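Subject: Structure handover

Hello,

Here is the structure I promised to pass on. Please open it beside this email and follow along.

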Amino acid sequence: IRDPEMSRGLGDAYKRQVYNKMNDLQPIVLPGIETKRPMVIAGPCSAETEEQVMSSARELAALGIGIFRAGIWKPRTKPGGFEGVGSEGLRWLKRVKEETGMYVATEVATERHVFEALKHGIDLVWIGARTAANPFAVQEIADALKGADIPVLVKNPVNPDLELWIGAMERIYNAGLRRIGAIHRGFSCYDKQLYRNQPQWYIPIELRRRIPNLPIFCDPSHMGGKRELVAPLCQQAMDLGFDGVIVESHCNPDCAWSDKEQQVTPDALRSILETLVIRETSQTTENLSELRRQIDELDNRLLELLSQRMRVSREIGQYKKEHSMQILQTSRYDEILNKRIAQAQELGMSGEFMKEVLQAIHEESVQQQMKIING
């Protein structure tokens with residue numbers, strides 16, 4: 001298809017078709033597990049030894065945690081690190097089921113992983129962020145899962161690509177599975193930040209808007225990268241209506257073989273869960289109608305102001321065209337950016353938020369001027 005407008009139209013129609021067909025997704029329900037929020041999946045980052053697995057599982061079972069997680073195969077950024085104990089660890093998870101009554105979950109990244117997990121009675125699997133970014137790998141997993149009746153959770157890809165995330169879940173859906181959920185673990189960033197992976201909450205919010213009945217879990221361990229961030233991230237996820245959390249909890253996290261900084265003890269997890277505020281999701285919103293009306297009015301005014309600003313940008317573009325001036329005036333842009341960010345902060349807004357807004361406005365202004373100059 002050479003016509004980009006036609007291509008976009010077909011793309012939108014296809015997306016709507018995908019969202020509509022995925023409305024028959026089923027809740028992540030396991031017999032004996034309470035359906036109240038949050039559903040909690042907890043356990044160590046990696047299964048290291050049989051003793052470590054059983055010790056962690058017993059402590060978590062005593063808290064009432066119903067689903068035990070542990071990594072069996074560990075995808076690492078560089079070779080040479082601990083890459084998991086392999087299939088031997090599945091026998092330990094089977095023992096967890098037999099002795100504690102907990103369900104067990106692990107990550108799968110290949111067809112062989114799926115076959116091994118199913119053979120050893122794993123109750124729930126998830127697809128990691130690196131794997132979710134590879135459609136070939138996800139399709140291989142989907143094909144291996146055909147005919148299985150097992151919940152499958154899909155982590156967001158490492159980069160903030162919502163379509164790729166949805167596409168991974170669609171591949172699992174097309175394999176005939178209906179108990180599918182998403183795990184939000186944040187997105188990689190190049191420079192050093194507070195979080196190991198940036199939350200960018202607007203992406204899972206948009207995912208929920210498109211597929212309303214899709215269960216969404218938060219992975220505060222990988223998102224924060226530090227155990228002190230697990231509690232606030234869990235609370236933020238609950239405030240946004242997430243269905244559950246998947247938390248890394250180790251019997252002795254300081255001695256963990258992988259990601260020790262982000263794992264919490266079972267006792268710390270108990271404190272986190274006891275202090276979580278779970279807000280009612282079924283309350284009526286009649287009392288918000290007046291405030292929402294004000295939001296609508298303000299949004300309309302913002303759109304009108306942005307339209308006026310773009311008109312001025314086009315006039316500037318016309319002037320530059322008549323005087324053979326280049327479009328980008330770096331010093332002027334820097335001046336606007338710094339001044340507006342400072343103003344926003346004085347008004348109680350985040351400087352980073354205003355930077356993103358101004359960058360988007362500037363990009364559109366440049367596009368408007370280019371249309372004039374090249375028109």
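Predicted model: local features only at pLDDT ≥ 70, side-chain atom pairs only at ≥ 80, totals over all residues.

Residues are numbered from 1 along each chain as its sequence is written, and side-chain values use heavy atoms, with hydrogens and water left out.

Start with the cores. A nonpolar core is a set of buried Ala, Val, Leu, Ile, Met, Phe, Trp, Tyr and Cys residues joined through side-chain atoms within 4.5 Å. Buried means under 20% relative accessible area, using a 1.4 Å probe and protein chains only. The largest nonpolar core has 71 residues. Phe-68, Leu-93, Val-152, Val-154, Met-169, Ile-172 and Leu-207 have the most contacts inside it. Helix α7 (residues 162–174) gives the most to this core, with seven residues. Helices here are DSSP runs (H or I, at least four residues), numbered from the N terminus. Another core, of 14 residues, lies apart from the largest one. Among its members are Ile-67 and Leu-153.

Next, Val-53. Find it in helix α2 (residues 50–62). Is Val-53 buried or exposed? It counts as buried, because its relative accessibility is 0%. Contact means heavy atoms within 4.5 Å. Leaving aside neighbours within four places in sequence, Val-53 is in contact with Ala-47, Glu-48, Phe-68, Trp-92, Leu-93 and Val-96.

Now the helix pairs. Axes are lines fitted to C-alpha atoms, for helices over the stretch in contact, and angles run from 0 to 180 degrees between N-to-C directions. The axes of helix α6 (residues 135–145) and α7 come within 8 Å and cross at roughly 25 degrees. That makes the two roughly parallel (angles under 35 degrees). On the α6 side, the contact is made by Pro-135, Val-138, Gln-139, Ala-142 and Leu-145. On the α7 side, Leu-164, Ala-168, Arg-171 and Ile-172 take part.

α7 also meets helix α8 (residues 202–210). Their axes come within 11 Å and cross at roughly 50 degrees.

Best wishes

Conventions. Buried < 20%, exposed > 50% of the residue type's maximum accessible area, 1.4 Å probe, protein only. Parallel < 35°, antiparallel > 145°, perpendicular 65-115°, else oblique.
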